[in-house]
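Dear colleague,

Here is the structure I promised to pass on to you, and below it I have set out what I found when I went through it. Please read the notes with the structure open beside them.

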Amino acid sequence: MSTTGANADPLAALGSLPGVADSVESVRKAVDRVYGHRIMRRRSNEITSEAALRGARGTAALSGADWALEEVRRRTDFSGDDEARVMGAALRLTAEAGQLLSVWRQSPLRVLARLHLVAAADNADQVGRPRQEGEPVDEPLVTLPLPAATEVSGRLEGLAELIIAGGSAPALVTAAVVHGELLALRPFVSHNGLVARAAERVVLVGSGLDPKSVCPAEVGYAELGREAYLEALDGYVSGTPQGVAAWIAHCGKAVQLGARESTAVCEALQRGAA
């Protein structure tokens, strides 16, 4: 989907698509329930840390490293094989995303480059910059046609302009578009899914919707499953109002499930403190 056009605020216009307003409201209520929990007032740092761990596990699962949470908690070496490296990249991205909030609104492309550098943990020439024509992309989950490098460059610039300009679009809509565009474009030679979901996290936190990062959408995406994720992405890439609205709704469901996960963590901590 192209994010450029005659509309002065195309992201805000997406908020009027059928069902999107309901998704936005449902997400707001789910997030408010977590933030209103009594445990959040006393132990929010613990909830944030646990949400980060569970979010990293969720995003890694979508990228092929579907580990049990306790295995992620136990392991200290993430260099042994491909799955371990994916998990290590997910953990690094989760930790890094919170450090980039102040840069995002001024230079989103710089943030995306940094996220890819962190995920790849490599000094190769292709790391930390958009791919060039002819460079292969390692992203087995997403098998959609790969846009040309020139199209990638133009659409990234357009997306960056919209973010820098700001606007009245709900946070969920902006986050879903950032996520969907990055998956559709696959601008880097690797780790595009991990980077896309980390960028969505930056938007959700930086927008003020989830300032303490306690509603990990990545948990929700993993729970909803790869098939539903890719089906929703197909809708986004189609560019039809129904397809884009379905993608936004899918992202909204994922945030709600992330909120539910952290609510359960709050309840467990409350029972332990009783």
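In this predicted model, the contact between H10 and H11 brings Arg197, Glu200 and Arg201 of H10 up against Ala217, Glu218 and Tyr221 of H11. Sorted by class, the residues of that contact comprise four charged and two nonpolar ones, with no polar residue among them. As for the geometry, the axis of H10 and that of H11, the helix formed by residues 217-224, come within 10 Å and cross at roughly 135°. Because angles over 145 degrees would be needed for a roughly antiparallel pair, H10 and H11 are described as oblique to each other.

Just after the end of H11 comes Gly225, whose phi is positive, at about 100°.

H10, which spans residues 192-206, also packs with H7, residues 108-120, and here the angle is about 130° while the axes lie 10 Å apart. That angle makes H7 oblique to H10, and the crossing of H7 past H10 is right-handed. On the H7 side the contact is made by Leu112, Leu115, His116 and Ala119, and on the H10 side by Val195, Ala198 and Ala199. By class, the residues where H7 touches H10 are six nonpolar and one polar, with no charged residue, whereas the contact of H10 with H11 has four charged residues.

Finally, a point that may matter to you when you look at the cysteines: how many disulfides does the model contain? The count comes to zero. For Cys215, the closest cysteine sulfur is that of Cys266, and the distance of 9.3 Å is too far for a bond, given that a disulfide calls for sulfur atoms within 2.5 Å. Seen from Cys266, the closest cysteine sulfur is in turn that of Cys215, again at 9.3 Å and too far for a bond. Are these two cysteines buried or exposed? Cys215 counts as buried because its relative accessibility is 1%, which falls under the 20% limit, and Cys266, with a relative accessibility of 0%, counts as buried too.

Conventions. Residues numbered from 1 in each chain as written. Predicted model: local features only at pLDDT ≥ 70, side-chain atom pairs only at ≥ 80, totals over all residues. Heavy atoms only, no water. Axes fitted to C-alpha atoms, helices over the stretch in contact; angles between N-to-C directions. Helix = DSSP H or I, 4+ residues; strand = E, 2+ residues; numbered from the N terminus. Parallel < 35°, antiparallel > 145°, perpendicular 65-115°, else oblique. Left-handed = near helix turned anticlockwise from the far one by under 90°. Contact = heavy atoms within 4.5 Å. Nonpolar A, V, L, I, M, F, W, Y, C, P; charged D, E, K, R; others polar. Buried < 20%, exposed > 50% of the residue type's maximum accessible area, 1.4 Å probe, protein only.
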